[in-house]
Amino acid sequence: MKYCTQERGILETKAEWDVIVIGGGATGLGTALDAASRGFKTLLLEQSDFAKGTSSRSTKLVHGGVRYLAQGDISLVYQALRERGLLQVNAAHLVSKEEFIIPCFSWFAVAKYLAGLKMYDWLSGKYSFGRSRFLSRKEVCAKMPGLADKGLIGGISYFDGKFDDARLAVNIAQTCMEQGGTVLNYIKVTGLLKDENGKISGVNAFDFITGTKHKLHSKAVVNATGVFVDDILQMNVPDAEKLVRPSQGVHIVLSNSFLNSDSALMIPETSDKRVLFAVPWHSRLLVGTTDTPIETHSLEPRALDEEINFILTTASQYFKRQVTRKDVLSVFAGLRPLAAPGKNDTNSTKEISRDHKLIVSDSGLITITGGKWTTYRKMSEETVDQVISTANLENRKCVTKELRIHSSEISTSMSHLKTYGTDRIFIEELVNENPEWNAKLHLHFPNIQAEVVWAVRNEMAYTVEDVLARRLRILFVDVHAAMEMSREVARLMAVEGNKDEDWIDEQVREFKLIAAEYILEPTIETEEILITK
């Protein structure tokens with residue numbers, strides 16, 4: 001709060017920005033970083049917290065997309081594999097190599113998947129994460145003891161990337177500030193400014209933290225709001241055709257004991273002809289995802305029963321142990337902003353483009369949508385190139401290919417603080433400052449009080465949800481534990497922000513209302529919360 005309050009004052013000091021980016025997800029943050037690193041006066045505004053929406057709800061993969069290769073989209077896969085390699089170098093503390101195993105129950109499947117993955121290896125070129133190979137039945141069972149082995153012939157091992165999406169978003173925001181940019185959460189754009197010629201000249205915005213309104217002028221405005229792009233487009237032209245067709249992806253989180261493996265499972269063809277992953281993540285097992293067309297969008301989408309049942313049923317077919325609703329530690333849904341073809345009325349998300357779209361409205365509003373986390377840097381580069389062209393800014397080269405993300409380091413540390421990269425030492429210094437902050441927040445998690453203090457002082461966390469959902473990730477891996485931690489987190493934040501007991505009570509109440517949606521089997525306490533809601 002101290003750090004964020006200082007930053008917010010800058011809105012009163014700038015007469016005009018070179019570029020204002022609306023949206024604090026992967027693409028918006030990447031665009032702001034690209035612009036700032038080229039030396040442009042850059043402001044990013046996010047209506048909620050950074051990565052509050054889709055960008056914190058991914059399958060945690062940094063990948064080329066084996067599925068897209070099977071669909072023949074070789075150019076998309078080639079570009080994504082290149083970006084995967086760059087991201088692993090530039091955010092080494094958050095992106096790691098992961099072995100994936102495809103179980104095979106026929107020799108035809110062995111030949112089919114091995115051939116495809118050899119192509120995947122070849123496309124990765126110098127950015128390879130490791131070569132794919134055939135595994136015998138014995139090798140598969142040794143690597144993945146929890147896998148159902150009836151009829152198993154063997155498997156294919158290949159390598160891709162795994163990361164922490166919300167942590168990367170926060171670190172990109174910090175990198176942007178280090179490059180001279182300004183990034184602010186909890187400021188909602190309420191309207192677009194236009195000059196006498198009808199060209200975009202800035203935005204109107206409301207700051208939820210200070211309660212103030214702002215009229216902000218800029219040479220260019222970028223709409224990078226994910227599934228909310230149409231809201232901004234309709235501020236520009238009220239009857240604008242919708243650009244996005246949201247698709248909902250649901251994940252469940254289980255105990256890692258279900259597979260008892262350091263490797264990830266890739267199920268290449270489910271009952272609905274899609275792909276399902278089971279990925280070790282934060283000492284748990286993340287299983288997903290679904291791909292359901294959705295007509296509406298929200299910051300907190302809800303998993304549908306049919307999506308949950310699909311995941312439970314499919315996982316149970318491949319795990320030795322049956323997976324039930326009681327086994328689910330957390331469930332969350334995210335909306336992908338798929339770039340839909342104009343006037344395409346299809347209900348199949350397979351027909352909707354996974355690639356991104358970059359468009360410029362007659363008013364000069366620049367909109368970027370679609371794509372995925374892995375290619376955020378390339379999308380951002382193309383967007384800023386377009387900003388330069390549209391706003392007639394000085395033509396400066398992109399530098400983000402070699403730009404290290406804040407706190408990036410290669411480390412062999414086994415500490416959970418490894419995810420903070422080089423910032424780890426500052427959290428350790430906080431413990432030296434106040435030894436009480438070394439206390440754990442929860443018996444079953446390694447996270448300590450100092451991390452909450454750090455998040456408030458240096459990572460722009462304003463709410464208990466900011467901390468438990470997107471700084472520490474507890475809400476996403478164990479919702480009950482997150483609810484148990486919430487009051488202690490609120491207390492620590494209150495001390496930092498000079499807040500009273502009423503603020504603590506309100507924060508805990510609001511957090512539990514949100515957390516209740518991540519629970520499949522409510523306790524008596526959560527039942528009461530849901531009823532009150």
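How many aromatic pairs does the structure hold? I counted 13 aromatic pairs, taking rings of Phe, Tyr and Trp (its six-membered ring) as paired if their centres lie within 6.5 Å.

Ground rules. I am working on a predicted model, where local features need pLDDT of at least 70, side-chain atom pairs count only at pLDDT 80 or more, and totals for chains, interfaces and linings use all residues. Residues are numbered from 1 along each chain as its sequence is written, and side-chain values use heavy atoms, with hydrogens and water left out.

Aromatics. I looked up Phe 100 and Tyr 158: their ring centres are 5.4 Å apart and their planes sit at 20 degrees, so I log the pair as stacked (planes under 30 degrees apart; over 60 is edge-to-face, the rest tilted). Phe 100 is in strand 4 and Tyr 158 in strand 6, 58 residues apart, so to speak a link between distant parts of the chain. Strands here are DSSP runs of E, at least two residues, and helices are runs of H or I, at least four, both numbered from the N terminus.

Strand 10. I followed residues 213-223 next, calling strands paired if DSSP finds at least two bridges between them. Strand 1 (residues 17-22) pairs with strand 10 in the parallel sense over 5 bridges, and Trp 17 stands opposite Ser 218. Strand 9 (residues 200-207) runs antiparallel to strand 10, joined by 5 bridges, with Asn 204 opposite Lys 215. Their hairpin has 5 residues between the strands, and Gly 211 takes a positive phi near 75 degrees there. Strand 18 (residues 366-370) pairs with strand 10 in the parallel sense over 2 bridges; Val 222 stands opposite Ile 366.

Helix 2 and helix 7. The axes (lines fitted to C-alpha atoms over the stretch in contact, with angles from 0 to 180 degrees between N-to-C directions) come within 9 Å and cross at roughly 20 degrees. I therefore put helix 2 and helix 7 down as roughly parallel (under 35 degrees; over 145 is roughly antiparallel, 65 to 115 roughly perpendicular, the rest oblique). In helix 2, Leu 29, Gly 30, Ala 32, Leu 33 and Ala 36 meet Ala 169, Ile 172, Ala 173, Thr 175 and Cys 176 of helix 7, contact being heavy atoms within 4.5 Å.

Helix 15 and helix 16. Residues 479-497 and 501-515 form these two, with axes within 9 Å and crossing at roughly 155 degrees. Helix 15 and helix 16 are therefore roughly antiparallel. The contact includes Met 483 and Arg 487 of helix 15 and Trp 503 and Phe 511 of helix 16.
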